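Me: I would like to learn how to read a structure like this one. Please take the features one at a time.

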Amino acid sequence: MDQVERARDLARLLLAESIPRRWSHSQGVGHKAESVAHLVGADGPTLVAAAWLHDIGYAPNLVVTGMHQLDGARYLRDVERADDLICRLVAHHSCALIEARNRRLDEDLAAEFAPVEGMLSDAITYADMTTTPDGEPVEVEERLAEIASRYGPDHLVARSIREAGPLIVESVQIVRTALADGQG
């Protein structure tokens, strides 16, 4: 069994029954990552595996800090002994450092998981932020608005996503440009 299959199976195990809508989203994100994996060359399978796993930190039995990116990455590192790059992609997906700073977990996040830069980071953000909670394609601006609306204007996640919005939109544009320029 390869790393993508293992990642998909683990995400299904952790999310499908306990939070089925999150599982639907993760399926959509995994498939979207598959469609852009060629943009990251040999790291394509790592991107896809991380995409399947990106939201496992929402699984009720994994919640420790309340920050799903950090909780998921720690579980992958400490329990599953997952590849370091997969853990780092999960830890930092979709501008997680901003939410970490707002939760006062930024030093923990940075100390435990080095950020991922470039197309790998942009590609996982693209996959996440162009997929609805139900796993369907969506424009990034609609997705950002949906997240803010779901949490309410004063919630830490809504404030964080508003702050991260321009960076998220930029990541999506970078991936779309690469796809349009024939890299895809």
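Reply: Start with the word contact: it means heavy atoms within 4.5 Å. Keep in mind too that this is a predicted model.

Me: Which elements cover the buried residues of α3?

Reply: The cover of the buried residues of α3 includes α1, α2 (20-36), α4, α5 (84-92) and α8. A residue is called buried when its relative accessible area is under 20%. In α3, nine of the ten residues are buried. Among them are Gly44, Thr46, Trp52 and Leu53.

Me: How many residues are in the largest nonpolar core, and which have the most contacts inside it?

Reply: The general idea is that in soluble globular proteins, nonpolar side chains tend to be buried together. Here the largest nonpolar core has 61 residues, and Leu14, Leu47, Leu53, Ile56, Leu76 and Ile168 have the most contacts inside it. Helix α10 (residues 156-183) gives the most to this core, namely nine residues.

Me: Take Leu76. Which residues is Leu76 in contact with, leaving aside its neighbours within four places in sequence?

Reply: With those neighbours left aside, Leu76 is in contact with Leu10, Leu53, Ile56, Arg81, Ala82, Ile86, Cys87 and Val90. Two of these, Leu53 and Ile56, are also listed with Leu76 for the most contacts inside the largest nonpolar core.

Me: Is Cys87 buried or exposed?

Reply: Cys87 counts as buried because its relative accessible area is 2%.

Me: Which element gives the largest share of the lining of the second largest pocket?

Reply: That element is α1, with four residues. Both α1 (3-15) and α3 (44-53) supply at least two residues of this lining. The second largest pocket holds about 170 Å³ of space. Residues that line it include Gln3, Leu10, Leu53, Leu76 and Asp83. The lining of the second largest pocket divides into seven nonpolar, one polar and four charged residues.

Me: How many cavities of 30 Å³ or more are found in the whole structure?

Reply: The search finds one cavity of 30 Å³ or more. About 220 Å³ of space lies in the largest cavity. Of the 20 residues that line it, His68, Glu99, Met129, Ile147 and Ile161 lie nearest its centre. The elements that give two or more residues to this lining are α4 (68-78), α6, α8, α9 (140-151) and α10. By kind, the lining of the largest cavity has nine nonpolar, five polar and six charged residues.

Me: Let us turn to the loops. Where do Ser94 and Arg104 lie?

Reply: Ser94 lies in the loop between α5 and α6, and Arg104 lies in the loop between α6 and α7 (106-112). Phi of Ser94 is near 55°, a positive value in a residue other than glycine. Phi of Arg104 is also positive, near 60°.

Me: Where does Ser18 lie, and how does it count?

Reply: Ser18 lies in the loop between α1 and α2. At 38% relative accessibility, Ser18 counts as partly exposed.

Key. Residues numbered from 1 in each chain as written. Predicted model: local features only at pLDDT ≥ 70, side-chain atom pairs only at ≥ 80, totals over all residues. Heavy atoms only, no water. Buried < 20%, exposed > 50% of the residue type's maximum accessible area, 1.4 Å probe, protein only. Core = buried A, V, L, I, M, F, W, Y, C linked by side-chain atoms within 4.5 Å. 1 Å grid on protein atoms, 1.4 Å probe; cavity = no way out; pocket = protein on both sides within 12 Å on 5 of 7 lines; lining within 4 Å. Points joined across faces, edges and corners; volume = space filled by probe spheres on them. Nonpolar A, V, L, I, M, F, W, Y, C, P; charged D, E, K, R; others polar.
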